[in-house]
Amino acid sequence: MPTPEEPAPAQPSNPALHARVTSSITRAFFEEMAESGYGQTSVDAIVRRAGVGKAALYRRWPTKKAMAIALISDAAVRSEPAPDTGSLHGDISSLVHRLSAVLGDPLVGRVVLAVTAESSRDPELENVLRESVEGPRRANLSAMLLRAIDRGELRADCDIDLALDLIAGALYWRVLVRRQGWDAGQLDRLSAALTKAITAI
């Protein structure tokens, strides 16, 4: 509860407008970072692209880093749950098709690379990625594999950590490092190969 010395933040007088401005700033932040990288992204460039004043940004976040941490964390929280099709192969197939489409978006791909590069230089950002992005997503996908164990499709001692690395590694390497996409047939063959590999570990 706020103390007399710490008054509660004022609520926006027009919530719909507040939400639209926040959305514009969010989109501008990710677009600028995709084009210029985190280090070269400036508040001036963000507000210019968003079509708002600096005051609108600073009313929401006190610094660029605070904004980056909040927006990246929020994007991670809004990620979709792991597939639950009733079979391991169905889950993996659904997952790789979905992730391929997401990573194939040029904006998403450049943002992922920019954030990953910056996190290697910024321990605070690295910690945010680990706790707010990587941790929850791996827990989400671990649940998918645990369901397969319960169904008897995977061994009880399946190396879930390695299985998750296999899934992510194949997709991230091809799309983000080699800059090549997948066609439907390749994704189907990848799904079958991953299913077979994971049942062996």
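A polar contact is a pair of N or O atoms within 3.5 Å; within protein, one must be able to donate a hydrogen and the other to accept it, and residues adjacent in sequence count only if both atoms are side-chain atoms. Asp122 sits in the loop between helix 6 and helix 7. Asp122 is buried, with a relative accessible area of 9%. Buried means under 20% relative accessible area, exposed means over 50%, and partly exposed lies in between (1.4 Å probe, protein chains only).

The model is predicted: local features need pLDDT of at least 70, side-chain atom pairs count only at pLDDT 80 or more, and totals for chains, interfaces and linings use all residues. Residues are numbered from 1 along each chain as its sequence is written, and side-chain values use heavy atoms, with hydrogens and water left out.

Now the overall layout. The protein chain has 9 helices and 0 strands. Helices (H or I, at least four residues) and strands (E, at least two) are DSSP runs, numbered from the N terminus. Along the principal axes, the C-alpha atoms fill a box of roughly 60 × 40 × 35 Å. Of the 201 residues in the protein chain, 37% are buried. Contact means heavy atoms within 4.5 Å. Among contacts between residues at least 6 apart in sequence, 64% join residues at least 24 apart.

The protein chain is divided into domain 1 (15-71) and domain 2 (79-200). These bounds come from an automatic or database domain assignment. The C-alpha centres of the two domains lie 28 Å apart. At their meeting, 10 residues of domain 1 are in contact with 10 residues of domain 2.

Start with helix 1. The expected span of a helix is 1.5 Å times one less than its number of residues. The 22 residues of helix 1 should therefore span 32 Å, and the end C-alpha atoms are 31 Å apart, which agrees. The buried residues of helix 1 are Val21, Ile25, Thr26, Ala28, Phe29, Phe30, Glu32, Met33 and Ala34. Gly37 follows helix 1, with a positive phi near 85 degrees.

Next come the cores. In soluble globular proteins, nonpolar side chains tend to be buried together. A nonpolar core is a set of buried Ala, Val, Leu, Ile, Met, Phe, Trp, Tyr and Cys residues joined through side-chain atoms within 4.5 Å. The largest one holds 29 residues, of which Ile25, Phe29, Met33, Leu57 and Met67 touch the most other members. Helix 1 (15-36), helix 2 (43-50), helix 3 (54-58), helix 4 (64-77), helix 6 (106-119) and helix 7 (123-150) each supply at least two residues of this core. Helix 1 gives the most, with 7 residues. Domain 1 and domain 2 each contribute at least three residues to this core. Take Leu57 as an example. Leaving aside neighbours within four places in sequence, Leu57 is in contact with Ile25, Val43, Ile46, Val47 and Met67. Apart from this core lies another, of 24 residues, among them Ala82, Leu88, Met144 and Ile198.

With 16 residues (184-199), helix 9 should span 22 Å at 1.5 Å a residue; the end C-alpha atoms are 23 Å apart, which agrees. Leu187, Leu190, Ser191, Leu194, Thr195 and Ile198 are buried in helix 9. These residues cover an arc of only 135 degrees around the axis, so they lie on the same side of helix 9. The arc is that of the directions from the helix axis to the C-beta atoms. The buried residues of helix 9 pack against helix 5 (88-104) and helix 8 (160-177). The face turned away from this buried side carries the exposed residues Arg189 and Lys196. At the start of helix 9, a side-chain oxygen of Asp183 reaches to within 3.1 Å of the backbone nitrogen of Gly185.

Two loop residues complete the tour. Arg179 is in the loop between helix 8 and helix 9. At 60% relative accessibility, Arg179 counts as exposed. Phi of Arg179 is positive, near 60 degrees, in a residue other than glycine. Most residues other than glycine have a negative phi. Pro81 is in the loop between helix 4 and helix 5. Pro81 is exposed, with a relative accessible area of 59%. Not counting residues up to four places away in sequence, Pro81 touches Arg98 and Asn140.
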